[in-house]
Amino acid sequence: MATKTTSILDYLGDLEQAVDNLAMSWRPEDPAYRADVYRQTMTSLSYAYFMYFHADAEHPDWAPLWNPVFTLQPNPDDIYVQSPIRGDLRYRVSGNRGTCRILSFTTQKALSGTVDEMPRPNGHNEVDCDDLGIGLGEDFEILFSAVRPEGHAGHWAPIDPEARGMYLRYRMYDWEDETDPQLSIECLDPVPPKPRLSPEDILARIGEMARFPARKTNLYYPMQNGVKDRVGFNVFEPVRMPGALVKQVYWPACFQLAEDEALIIETEIPDRAPYWNIQLNDPLFNALEYVYRLSSTNGAMARLSSDGRFRAVIALTDPGVPNWLDPAGYTEGGIYGRWYDCSAEPTPTIRRVKLAELRDHLPEDTPHVTPAERREEIARRVRACQRRRRW
């Protein structure tokens with residue numbers, strides 16, 4: 001008996017769950033918010049293809065995770081890649097570290113977006129090249145397994161027996177001069193050839209793709225909403241994230257300003273600061289455009305004031321000072337800063353001032369940045385970011 005042909009749209013109905021999550025946003029009735037959620041949903045859907053169709057635990061391979069295209073809260077200094085794994089198998093990651101500031105490896109039971117609720121505990125294991133003693137530009141191999149093999153003398157990192165995913169951060173401080181790593185991942189256990197997917201497998205994976213965007217926003221919207229609910233706007237709330245980098249303290253805030261205003265962010269810099277940065281997000285936890293806009297900076301890019309403090313200015317138009325953080329047309333959104341393995345973890349402050357009076361609130365010797373200097377700063381940023389390997 002012939003069966004009715006089904007439309008592919010029938011398998012994508014769960015995409016609407018991501019749109020329903022508008023109810024959790026700051027302005028659910030705003031058409032601009034709805035359009036942003038549509039865009040965010042398409043971003044997550046396109047990324048989900050890599051998650052469900054590119055590789056499997058027996059045939060691992062790197063796929064994009066977060067980067068300038070897939071922007072559901074990446075660190076602009078990081079390129080993230082991921083691969084499926086299984087905790088009962090052994091894997092070799094090998095290649096060259098490159099010269100990026102930090103190369104870190106994280107394994108856990110589930111990657112965000114792949115389950116309705118993240119498991120707790122999440123089977124989180126984490127190691128970076130400094131932990132392992134792998135130097136800049138050095139070739140290396142790392143064995144990942146649930147148990148260290150007897151007599152294994154090389155680099156080894158543990159994975160939880162229930163682990164299902166591994167992701168890497170290529171964290172670059174100097175975008176122009178550092179180089180990204182070149183890496184492969186191999187399963188070391190005997191496995192069958194990579195199979196052709198059955199029709200049932202394909203349809204099931206399309207269904208998982210459709211559920212993926214809502215699962216992401218169910219996780220990330222409450223994180224940013226929680227900051228606003230607890231401390232309001234323009235106040236930082238430092239936190240360590242469970243299942244994130246154990247050496248890292250985040251300092252999130254939610255910003256808000258009017259078109260004729262500016263926000264001045266100010267902080268001391270720790271005596272030992274191997275890495276720190278600050279970035280702007282939109283109200284839906286997406287990183288703002290950071291290739292063609294100056295929506296982030298870090299300890300290598302930033303210019304400190306003559307008193308050694310870091311001051312940045314959020315303003316809709318170029319304020320003509322160092323460390324402009326461009327909110328890309330948004331008058332409200334999120335801020336994320338990071339102290340990584342620093343000797344201290346100061347909490348920055350935010351002051352809301354009239355843009356016309358900005359220099360009254362900055363040190364007298366704050367330099368003037370001309371339009372020509374700003375154009376060159378952005379041009380260098382674009383070239384440097386585009387030359388990174390993003391997938």
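Helices (H or I, at least four residues) and strands (E, at least two) are taken as DSSP runs and numbered from the N terminus. The structure is a predicted model, in which local features need pLDDT of at least 70, side-chain atom pairs count only at pLDDT 80 or more, and totals for chains, interfaces and linings use all residues. Residues are numbered from 1 along each chain as its sequence is written, and side-chain values use heavy atoms, with hydrogens and water left out.

Several loops carry backbone features of note. Ala 328 is placed in the loop between β15 (324-325) and β16 (332-340), and its phi is near 55 degrees, a positive value in a residue other than glycine. A positive phi, near 65 degrees, is also found at Gln 73, in the loop between β1 (63-64) and β2 (78-84). Gln 73 is buried (under 20% relative accessible area, with a 1.4 Å probe and protein chains only), its relative accessible area being 12%. In the loop between β4 (102-108) and β5 (125-128) lies Pro 121, which is joined to Arg 120 by a cis peptide bond with omega of about 0 degrees.

Strands β3 (residues 91-96) and β6 (residues 139-145) run antiparallel and are joined by six bridges. Asn 96 has Asp 139 in β6 as its bridge partner.

A search of the whole structure finds two cavities of 30 Å³ or more. A cavity is a set of points, on a 1 Å grid over the protein atoms alone, where a 1.4 Å probe fits but cannot get out, and its lining residues have an atom within 4 Å of a point. Grid points are joined across faces, edges and corners, and a volume is the space filled by probe spheres set on the points. The largest cavity has a volume of about 40 Å³, and its lining includes Tyr 47, Trp 66 and Phe 212. Of the elements, α2 gives the most to this lining, with three residues. The second largest cavity, with a volume of about 40 Å³, is lined by residues including Phe 105, Val 127 and Ala 157. Two or more residues of this second lining come from each of β4, β5 and β7.

Conventions. Buried means under 20% relative accessible area, exposed over 50%, partly exposed in between (1.4 Å probe, protein chains only). Two strands pair if DSSP finds at least two bridges between them. On a 1 Å grid over the protein atoms alone, a cavity is a set of points where a 1.4 Å probe fits but cannot get out, and a pocket is an open set with protein on both sides within 12 Å along at least five of seven lines; lining residues have an atom within 4 Å of a point.
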